[in-house]
Amino acid sequence: MNTQKNIEERLWSYIDGTSEVEEKSAIEQLLKENLEWQRKYKELLDINQLLHSTELEEPSMRFTRNVMEEIAKYKIAPATKTYINKRIIYGIGAFFLTMIVGFLIYGFGQIDWSANGNLNTGISLDKIDFSRFFNNTYVNVFMMINVVLGLMLLDRYLSKKRDEARHA
Amino acid sequence: MHTGPSDNEILSRVLQGDQHAYAEIVKRYQSFVFTIALKYTPNREDAEEIAQDAFVKAYRSLADFRGESKFSTWLYTIATTTSLTFLRKKKLDIHSLDNEKVFEAADSLDSGFRANQVEQKSRITMVNKAIGLLSTDDAQIITLFYKGEQSLEEIGQILGLEPNTVKVRLHRARQRLKDKMEKYFTAELSDL
């Protein structure tokens, strides 16, 4: 399939040096024998050389000085890995995991396992008394523990930030 | 290629607190970063602002450069994202391949070329002008490949593309560049 498009695509890969070894020798053979390939190769090589000799745009003469004046106002920020504390990430993870596990335990605790397997229970959502779930002493205690844990994590994070600011 | 100390040698000096050493990095890459920015905005002042912003961002995040890629690849990624952020803020029109104005611009460039033929009769100038008529994506990929000394894999890293996709896009960009040159500058090319 020696369409113009195909020839150009293969020749560009050859010029860029991205052709496979077999393809490279096949193209070299075609360039020796085929006039059309030779003409196209010369044309693309010319464009390639022109592209290599294009010039970059120059910013104003003051550019470097402007950048240096600007960066003088800043410090290099610490590497991301130094201020992302894995313990805080694990702490937050543990916090949410505890919440999920707690709710699951509580939920399973509410199921009446002795009931027979009649699937058509006819549960009506509007008849469920949701206030029962949040007026329960155990739930209140559980929520309180989570709030305290959350506040402890926040306190640790803020103390760390304050210490960093003091040492900076 | 640059002479003198390598980028990594200069960067380790900067990281040790020698802020002035960063000037060498700026001098090495300012033209390239500025050219990349110009692919996103036709305004030189805006492009200079983008380039300056990219160098400042690179300086501030230098501790995050882990040396897994070339510094230039990392810097061009920052330049590209800074350009896009700038565009989003300014809501500038990106050059579009199908935009009529581009063709009008090409006509004016062409007539300008004719009027000033003695000074500008250069094939390189023509190629630069033809690149200016391409879409932002095409112009950027050509600039990265030919002037940024970036491989297909590295361009893929900068643009978030697979190397094979970069190869196809580069091929298409060169094809479109060839078409532009034939369409607008054939007369001039034959004069040379």
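Why is H8(B) largely enclosed by the rest of the structure? Some notes on that and on how the two chains meet.

1. To start with H8(B): ten of its eleven residues are buried, so the helix is largely enclosed by the rest of the structure. Buried here means under 20% relative accessible area, with exposed being over 50% and partly exposed in between (1.4 Å probe, protein chains only). The buried residues of H8(B) include Asp138(B) and Gln140(B) as well as Ile141(B), Ile142(B), Leu144(B) and Phe145(B). Helices are DSSP runs (H or I, at least four residues), strands are runs of E (at least two), and both are numbered from the N terminus.

2. A word on what we are looking at. This is a predicted model, where local features need pLDDT of at least 70 and side-chain atom pairs count only at pLDDT 80 or more, while totals for chains, interfaces and linings use all residues. Residues are numbered from 1 along each chain as its sequence is written, chains are lettered from A and ligands numbered from 1 in the order in which they are written, and side-chain values use heavy atoms, with hydrogens and water left out.

3. Now the interface. Chain B puts 45 residues into the contact and chain A puts in 39, contact meaning heavy atoms within 4.5 Å. Between them the chains bury about 3,900 Å², 62% of it on carbon and sulfur atoms. That buried area is the accessible area (1.4 Å probe) that two parts lose on being put together, summed over both.

4. Polar links across the interface come next. The rule finds 15 residue pairs in polar contact between chain B and chain A, both residues at pLDDT 80 or more. On the side of chain B that touches chain A, the elements giving two or more residues are H1, H2, H3, H7, H8 and H10 of chain B. H2(B) has the largest share, ten residues. By type, that side divides into 24 nonpolar, ten polar and eleven charged residues. (Nonpolar covers Ala, Val, Leu, Ile, Met, Phe, Trp, Tyr, Cys and Pro; charged covers Asp, Glu, Lys and Arg; the others, Gly among them, are polar. A polar contact is a pair of N or O atoms within 3.5 Å; within protein, one must be able to donate a hydrogen and the other to accept it, and residues adjacent in sequence count only if both atoms are side-chain atoms.)

5. On to the nonpolar packing. A nonpolar core is a set of buried Ala, Val, Leu, Ile, Met, Phe, Trp, Tyr and Cys residues joined through side-chain atoms within 4.5 Å. The largest one has 66 residues, and Tyr22(B), Val33(B), Phe55(B), Phe71(B), Ile142(B) and Leu177(B) touch the most other members. H2(B) gives the most to this core, eight residues. Leaving aside neighbours within four places in sequence, Tyr22(B) is in contact with Met68(A) and Ile71(A) from chain A, and with Val14(B), Phe55(B), Ala58(B) and Tyr59(B) from chain B.

6. Glu8(A) deserves a look. Glu8(A) sits in helix H1 (residues 4-16) of chain A and is buried, at 4% relative accessible area. Its side chain makes a polar contact with that of Lys178(B) at 3.1 Å. Glu8(A) also forms a salt bridge with Lys40(A) (2.9 Å, N to O). Lys40(A) belongs to helix H3 (residues 35-52) of chain A, so this pair ties together parts that are 32 residues apart in sequence. Lys40(A) is buried too, at 5%. A salt bridge is a side-chain nitrogen of Lys or Arg within 4 Å of a carboxyl oxygen of Asp or Glu.

7. Finally, the salt bridges between chains. Lys178(B) is buried at 8%, whereas Glu43(A) is partly exposed at 24%. Arg44(B) and Glu57(A) meet in another (3.0 Å, N to O), with Arg44(B) partly exposed at 40% and Glu57(A) partly exposed at 32%. Salt bridges that share partners join Glu8(A), Arg39(A), Lys40(A), Glu43(A) and Lys178(B) into one network.
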